[in-house]
Each structure stands twice: as structure tokens, then as C-alpha cells.
Amino acid sequence: MSKTVLITGATSGIGKAVAELFAANNFQLILCGRRQERLNALKETLGKSTQVATLNFDVRNREDVFKAIHSLVGKFAQIDVLINNAGNAHGLDYIDEGNTDDWDAMLDINVKGLLYVSKAIIPQMVARKSGHIINIGSTAGKEVYPKGNVYCASKHAVDAINQGMRLDLNEHGIRVGAVNPGLVETEFSEVRFKGDTERAEKVYQGFQPLKPEDVADIIHFVVTRPGHVNIADLVVMSTAQASSTIVKKTI
Ligand code: NDP
Ligand code: 8X3
């Protein structure tokens, strides 16, 4: 039987590209997000290639996370691969000017949400002594850039959680690793700038950023290594990007 992969944040960007690639490679999919119409559309399209279940929940809501994941039955009850991808930046402000609602959103979604989803799934992996968890971090979890403060803190937390999971789940034979991308052109900046598409587009102008499909390709590589191989931590940037603040632009 093919492996079952649960992807959070599957309705857009990196998560959606992963869903599409994994569907084409016959993985069974559990796709999660809050936008039901997008989940329906994905189920309709990808359902032509593989078995797809969808779950609608906000990762911030602990009760809903557990209820949704525990509602899975039959062939979807066993989750072989968890891709902790849901997350976003909210705002880009100096620390003294930051919006506390943005801070709550980033810490609640990127950190606590990732923990809730993991907590709902890890016990079944421990019981089976197998499983694979991929945490989507960021270059923002490896360095801090001006005005990145709390988003960077949330992704540094993902980096620490990734390491902690690997240590604590070692004895259970569970693979744990992170994929940390640099700039990827998705809805990320649109969310960060609260729907200001003009400002969001500028982030990716004048250079070739990563495409979500590039990251999906890497995640597929990570997941398809032989069982004794665990890619523990991987950083990927566009060729034009050297660090969070150094990007070779033509304009
Ligand atoms: P997108 O905005 O395109 O996608 C974000 C996804 O997360 C959506 O599917 C969204 O679904 C989901 N999501 C957001 N908030 C919640 C929530 N509260 N509950 C459940 N799902 C939620 O951005 P990306 O694809 O770029 O981001 C995916 C991950 O990659 C994030 O963790 C991000 O930090 C990380 N990343 C992104 C980079 C980039 O440059 N784009 C670079 C490095 C890392 P819905 O709204 O339907 O709930
Ligand atoms: C997303 C990349 O540089 O916008 O994590 O923080 S960045």
C-alpha cells in the first residue's frame, strides 16, 4: 500500500505544490487548511490520481486539531508522513512598532499549531515504531533580519522543535527533518502585507525566486530516501539569494 501523507497548509503555495507532486506519485493524501472551497477543488482534481481526504481546521484551535485528526478512519487513519507546513508571516515591522495581534498569530500558528498537529499524530507513529515528520522551517529560522523579529523567532522555534523531535523520537525509529527555504513566490507576502498585492509582488521582482514546485521536489526527495536515511536539516535558497538580506536583483 502506498504511504499516507498529511500536509498542513495544503491550500496554497508550498503545501499545494507538495500535494500535487505527491498525488502524481501515488501517495494517499490528507490535505488540511481553512479554505474549504480550495480543499474541495484539490480533492476534485487530485482525487483523479490518488485517494484524497480533506480536513478543515485552524491549527490554532487545539480542540479542533485533535477532533479533525482523530476523525480519520479506514485507510486514512494511519499517517506515515506528516508535513508540518501551515504557517505565515504577519507584518514586517520594527520591534517597537509591531502589532501584538500579528505576534500572537505567528506564535500561535507557526509554533503552537505545529505542536498541536504533531501531538495529535506522533503517538500513532510511536506505537508503530515508524513514521516521518518534515517540519517546514525557513532561512528566517537560521538567521534574523531587520523587522523579521517575531516571524524569525517563530521559525527559530521550529528549528529547535525539529531538533527536539529528532532527539526524543530517535528511540522509536521515527525520521524527523526540516526543510528551510529562502524566498519562495507564494501567497506568503500577500498574507504578510495583509492583502497589499502590489507590495507583495515587489518582494519577488528583479530576481528568480524559488517556486513552490522547487521546494515540493526537495520534500519529495527527502520522503523517498530509503528508510535508513534521514535528511535532518536542509536549507535551500534561490541562486540569487545569499542570505535573508542579500539578494542579487537586476532592478
Ligand atoms: P502560503 O500563504 O501560500 O500558504 C500558507 C498555508 O498555510 C495555506 O495553505 C494556509 O491555508 C495555511 N495556514 C495559514 N494559517 C493557518 C491556520 N491558522 N490554520 C491552518 N492553516 C493555516 O505560504 P507558503 O506556502 O509560502 O508557506 C508555507 C510554509 O512555508 C510556512 O510555514 C512558511 O512560513 C514557510 N516558508 C515560506 C517561505 C516563502 O518565502 N514563501 C520561505 C520559507 C518558509 P488556509 O489559509 O486555507 O488555512
Ligand atoms: C520566508 C522567507 O525571508 O521572507 O520564511 O522570511 S523570508
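Begin by selecting ligand 2 in this predicted model, and display its surroundings, which consist of Ser138, Ala140, Tyr145, Tyr151, Leu183, Phe188 and Arg192. Within that set, turn to the side chain of Ser138, where an N or O atom lies 2.6 Å from an oxygen atom of ligand 2. Next, pick out Tyr145, which places a polar side-chain atom 2.6 Å from an oxygen atom of ligand 2, and then Tyr151, whose side chain has an N or O atom at 2.6 Å from an oxygen atom of the ligand.

For the polar contacts of ligand 1, show backbone atoms. At Ile14, a polar backbone atom is 2.9 Å from an oxygen atom of ligand 1, while at Val59 a polar backbone atom lies 3.0 Å from a nitrogen atom of the ligand. Continue to Gly87, where a backbone N or O atom is found 3.5 Å from an oxygen atom of ligand 1.

Ile14 leads on to the next stop, as this residue is also part of the contact that helix H1 makes with helix H8. Select residues 13-24 for H1 and residues 212-223 for H8, and you will find axes that come within 8 Å and cross at roughly 55 degrees, an angle at which the two helices are therefore oblique to each other. The crossing of H1 past H8 is right-handed. On the H1 side, the contact is made by Gly13, Ile14, Ala17, Val18, Leu21 and Phe22, and on the H8 side the residues include Pro212, Val215, Ala216, Ile219 and Val223. Coloured by class, this contact shows 10 nonpolar, 2 polar and 2 charged residues.

Finally, select helix H3, residues 62-70, together with helix H4, residues 100-128, which pack at an angle of about 35 degrees with their axes 9 Å apart. Here too the crossing, that of H3 past H4, is right-handed. Arg62, Val65, Phe66, Ile69 and His70 of H3 meet Tyr116, Val117, Lys119, Ala120 and Ile121 of H4, and by class this contact comprises 7 nonpolar, 1 polar and 2 charged residues.

Conventions. Residues numbered from 1 in each chain as written. Chains lettered and ligands numbered in written order. Predicted model: local features only at pLDDT ≥ 70, side-chain atom pairs only at ≥ 80, totals over all residues. Heavy atoms only, no water. Axes fitted to C-alpha atoms, helices over the stretch in contact; angles between N-to-C directions. Helix = DSSP H or I, 4+ residues; strand = E, 2+ residues; numbered from the N terminus. Parallel < 35°, antiparallel > 145°, perpendicular 65-115°, else oblique. Left-handed = near helix turned anticlockwise from the far one by under 90°. Contact = heavy atoms within 4.5 Å. Nonpolar A, V, L, I, M, F, W, Y, C, P; charged D, E, K, R; others polar. Near = heavy atom within 4 Å. Polar contact = N/O pair within 3.5 Å; in protein donor to acceptor, adjacent residues only side chain to side chain.
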